[in-house]
Amino acid sequence: MTGYPLTEEIILRAQTTYSADEFDADEVFDDGDLALEERHALRRVAGLSTELADITEVEYRQLRLERVVLVGVWTEGTVTDAENSLTELAALAETAGSQVLDGLIQRRGRPDPSTFIGRGKVDELRAVVHSSGADTVICDGELSPSQLRTLESQVNVKVIDRTALILDIFAQHAKSKEGKAQVELAQLQYFLPRLRGWGEALSRQAGGSASGNGGVGLRGPGETKLEIDRRRIRTRIARLKREIAAMATIRDTKRATRRRNRVPAVAIAGYTNAGKSSLLNRLTGAGVLVEDALFATLDTTTRRARAADGRVYTLSDTVGFVRHLPHQLVEAFRSTLEEVAEADLVLHVVDGSHPDPEAQVRAVREVLAEVGADAVPELLVINKLDAADEETQLRLKRLWPEAVFASARTGAGLDDVRSAVERKLPWPPLELTAVVPYERGDLVARVHSIGEVLETSHLAEGTRLKARVTEGLAAELAPFVV
């Protein structure tokens with residue numbers, strides 16, 4: 001049987017894509033249209049697949065999703081909550097490049113420990129899969145290795161879970177060197193406990209005469225392929241952690257420069273596809289990729305913005321969140337998510353047209369708390385105002401009276417967003433009055449840039465400023481203080 005194990009493909013793909021001229025940790029595509037065109041340049045042609053009909057052993061196959069059936073277990077909440085969760089899973093599957101044929105929900109007190117949906121429903125699922133011609137089943141939850149094997153053997157098609165689906169989307173959309181390393185780390189951590197032999201060719205052999213069931217020609221050290229795979233994966237994981245730690249050091253150095261100059265930082269966070277990148281483009285003209293898809297952008301983009309009073313601050317677009325975000329991704333992207341924890345303000349973007357925005361807000365806040373960003377001041381921005389009806393807008397205004405309503409697509413409410421951000425930015429701590437000589441116009445410009453000018457006048461000996469400034473700038477202005 002030909003082909004590499006999926007774990008080997010992950011490692012080999014990473015080794016061939018990393019190079020010395022790769023993008024640095026903060027490098028992004030400024031031309032969003034070009035990146036979007038590249039992403040859409042290769043599309044699958046339906047009906048031309050040469051995939052084998054019998055694919056019972058698929059753990060090591062690349063996740064090439066085509067025609068899928070979705071399966072969810074409804075354990076709590078209302079039926080609307082269960083349907084919204086499956087609808088989101090369908091959007092994830094379509095983002096990964098597959099065609100959703102059907103979706104099933106099973107009502108249970110808890111997922112079945114053997115087959116996830118219960119043995120009585122497996123036959124029904126198999127009938128739906130065969131009648132629809134699907135080649136993949138996606139479960140709305142994280143399956144244990146035993147659940148994955150059992151369900152796969154009984155349904156006789158590929159079976160993956162929500163975590164593997166999200167990891168596949170991240171692998172497709174990661175662009176920067178740091179993003180690729182973080183996704184590969186998450187993938188390897190996920191697949192490590194799910195390794196097994198490839199069919200009968202690599203099934204475990206009995207070693208030594210004591211086992212008694214090996215037979216002639218099968219006695220010896222036994223099958224060690226799995227141990228080799230695990231050792232290679234652990235070695236690769238350790239290397240990736242070292243590389244990501246080094247990249248995090250570079251990111252910390254850049255943040256330290258901003259902290260030293262007391263440049264306020266605003267982090268744009270929110271649910272995936274809530275419009276964070278569109279809002280960043282509107283506020284700063286960043287030109288990052290915008291697509292109506294989940295997890296369209298993964299790499300952090302930081303741009304400079306200027307308040308109406310002249311102060312400079314930074315806006316950073318971060319990776320989107322989702323309900324039940326895989327813990328492997330949270331750990332792998334921790335250095336990126338720390339950009340939110342280090343910010344002075346979190347611009348929490350919410351999709352106002354979504355059927356359940358409250359659940360999205362709860363999911364985002366859970367992840368923010370996990371990375372230590374729950375104490376950062378938050379400004380809620382209800383986006384996609386143009387797609388929400390009046391009744392929904394009134395309900396959300398009652399629910400979040402302090403929120404700002406806007407539409408990144410039409411530009412409505414963006415001035416309110418800017419004003420709200422500027423009001424919540426931290427003020428420089430020291431107030432002083434200085435007469436700066438005209439030949440030191442650079443100092444005057446810096447006061448306007450990173451300080452708050454309260455009064456200004458022009459005298460014969462120089463520019464008289466009354467302003468609030470940072471400690472470092474106050475030390476430079478000390479010779480001119482009056």
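Two strands count as paired when DSSP finds at least two bridges between them, and that idea runs through this briefing. The structure is a predicted model, in which local features need pLDDT of at least 70, side-chain atom pairs count only at pLDDT 80 or more, and totals for chains, interfaces and linings use all residues. Residues are numbered from 1 along each chain as its sequence is written, and side-chain values use heavy atoms, with hydrogens and water left out.

**The chain as a whole**
- The chain holds 16 helices and 13 strands; these are DSSP runs numbered from the N terminus, with helices being H or I of at least four residues and strands E of at least two.
- Of its 482 residues, 50% count as buried (buried means under 20% relative accessible area, exposed over 50%, partly exposed in between, with a 1.4 Å probe and protein chains only).
- Among contacts with a separation of 6 or more, 72% come from residues 24 or more positions apart (contact means heavy atoms within 4.5 Å).

**The six-stranded sheet**
- An open sheet with mixed pairing has the strand order S6-S7-S5-S8-S9-S10.
- Its edge strands are S6 and S10 (404-405), each pairing on one side only.
- Strand S5 runs parallel to S7, joined by four bridges, and parallel to S8, joined by five.

- Helix H14 lies across S5, S6, S7, S8, S9 and S10, running at about 175 degrees to S9.
- Helix H9 (residues 276-284) has buried residues Lys 276, Ser 277, Leu 279, Leu 280, Asn 281 and Leu 283, and their cover includes S5, S6, S7, S8, S9 and H14.
- Gly 285 follows H9 and has a positive phi, near 70 degrees.

- Glu 88 is in helix H3 (residues 79-95) and counts as buried because its relative accessibility is 8%.
- The Glu 88 side chain makes polar contacts with the side chains of Arg 162 at 2.5 Å and Tyr 271 at 2.4 Å (a polar contact is a pair of N or O atoms within 3.5 Å; within protein, one must be able to donate a hydrogen and the other to accept it, and residues adjacent in sequence count only if both atoms are side-chain atoms).
- Asp 386 is in the loop between S9 and helix H13 (390-399) and, at 36% relative accessibility, counts as partly exposed.
- Asp 386 and Ser 407 are 21 residues apart in sequence and 6.2 Å apart in space, C-alpha to C-alpha, and a polar contact of 2.6 Å joins their side chains.

Terms used. Axes fitted to C-alpha atoms, helices over the stretch in contact; angles between N-to-C directions.
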